[in-house]
Amino acid sequence: MLYVLPICSCAATFVFGDSLVDAGNNNFLFTLSKADSPPYGIDFKPSHGHPTGRFTNGRTISDIIGEALGGNSFPPPYLAPNVESNATHIGINYASGASGILDATGTFFIGRVPLSEQIRNFEQSRRYIVNSMGEENAMKFLKKSMFSVTIGSNDVLNYFQPSIPFLTPEVSPTTFQHFLLSNLTMHLQRLHKLGARKFVVVGVGPLGCIPFIRAIRLISKGKCSVEVNALIRNYNKKLKAELDRLNRDMEPKAIFIYANSYDVFREIILHHKQHRFKNAEGPCCGGYIPPFVCYKGKDANTSSVMCDDRGKYVFWDAYHPTEAANVIVAQKFLNGDATVISPINIRHLHHYDS
């Protein structure tokens, strides 16, 4: 017997992506990509400073945006037990650290959930939603919901640092960009067929400036990898053009928002003192040399070095921003103009009716 639930007046959020927005899915995998030990989560108030699987010291960008839009709690990780019921009101987080647009991305880390599998997991959630409220009401519910996709960074990192170089075919940057984009477009279209109508697609940030890339490519102080950032800028340009095309051509009508993380984060790095940061190059935790591990041991001798004031650092570890940097990016995405996020910002998207 079908039990029909009332349609939630709130808008749920379904989060897809990598470690930038993982809320703890990798805690449930056999993987080398984990953030389940201190000091990760040290500033995450809902867990009282205990690690949750978020790859930062506090909230992710998705967390901050959700709070600003009136969310009383965060979409839980899909792989956690007993989360199905959240699909009909809060939403669910499917993101996985080390994952990519391409299924092969992140092989070195063993366990991870690539974007294609994340969408398969959403299909399971969708079945629950339909069983709960019926197909017609489920489509109305999904039409109001926001689908956030933050992915591509690991694909780029793997392109420049393949796990098994002699097994990785060499392709030109242009070919690689087109391959990424065609796969991402296919995944977005699949979500659209499943009922998604409000999309936020986050471009790849300036990875040439993260501590990991700067260290392994021996980039001098105050500089970033020109080669890495050039590829990303070209990819992001193509991504924005593709989202513009989808906005014109997609039926039934949907809205695809491009979030310009590259320029937002680059501005934070270049003008970090104006944002009250004192360090925009080094990681707060984990150090500059391999294996770049941020870990709190039983005593000072076994723990990674951690900065005294986490709010003054742009980078939490060798790969990920601090909560302080995430707050700035999230506010830009929420309220920014077309140079930051287009065709509308996330606050406008929240009230948008397609």
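This is a predicted model: local features need pLDDT of at least 70, side-chain atom pairs count only at pLDDT 80 or more; totals for chains, interfaces and linings use all residues.
Let's start with helices H2 and H3. H2 covers residues 115-133, and H3 covers residues 135-144. Their axes come within 7 Å and cross at roughly 125 degrees. That angle makes H2 oblique to H3. The crossing of the two is right-handed.

Who meets whom? From H2 we have Phe122, Arg126, Ile129, Val130 and Met133. Facing them from H3 are Glu135, Asn137, Ala138, Met139, Phe141 and Leu142. By type, this contact has eight nonpolar residues, one polar and two charged.

Now the cores. In soluble globular proteins, nonpolar side chains tend to be buried together. Here, the largest nonpolar core has 85 residues. Which members touch the most others? Phe14, Phe16, Leu184 and Phe333 do. Helix H7, residues 226-249, gives the most to this core: seven residues.

Take Phe16 on its own. Leaving aside residues up to four places away in sequence, Phe16 touches Val21, Tyr94 and Leu191, among others. Its contacts also include Leu115, Gln118, Ile119 and Phe122. Phe122 is also one of the H2 residues that meet H3.

There is a second, separate core of nine residues. Among them are Ala35, Tyr40, Tyr313 and Trp316.

Last stop, helix H1, residues 61-68. Which of its residues are buried? Ile61, Asp63, Ile64 and Ile65. Their cover includes strand E3 (146-150), helix H9 (323-335) and helix H10 (346-350). Just after H1 comes Gly70, with a positive phi of about 95 degrees.

Methods. Residues are numbered from 1 along each chain as its sequence is written. Side-chain values use heavy atoms; hydrogens and water are left out. Axes are lines fitted to C-alpha atoms, for helices over the stretch in contact, and angles run from 0 to 180 degrees between N-to-C directions. Helices (H or I, at least four residues) and strands (E, at least two) are DSSP runs, numbered from the N terminus. Angles under 35 degrees count as roughly parallel, over 145 as roughly antiparallel, 65 to 115 as roughly perpendicular and the rest as oblique. A crossing is left-handed if the near helix is turned anticlockwise from the far one by less than a right angle, and right-handed if clockwise. Contact means heavy atoms within 4.5 Å. Ala, Val, Leu, Ile, Met, Phe, Trp, Tyr, Cys and Pro count as nonpolar, Asp, Glu, Lys and Arg as charged, and the others, Gly among them, as polar. A nonpolar core is a set of buried Ala, Val, Leu, Ile, Met, Phe, Trp, Tyr and Cys residues joined through side-chain atoms within 4.5 Å. Buried means under 20% relative accessible area, exposed over 50%, partly exposed in between (1.4 Å probe, protein chains only).
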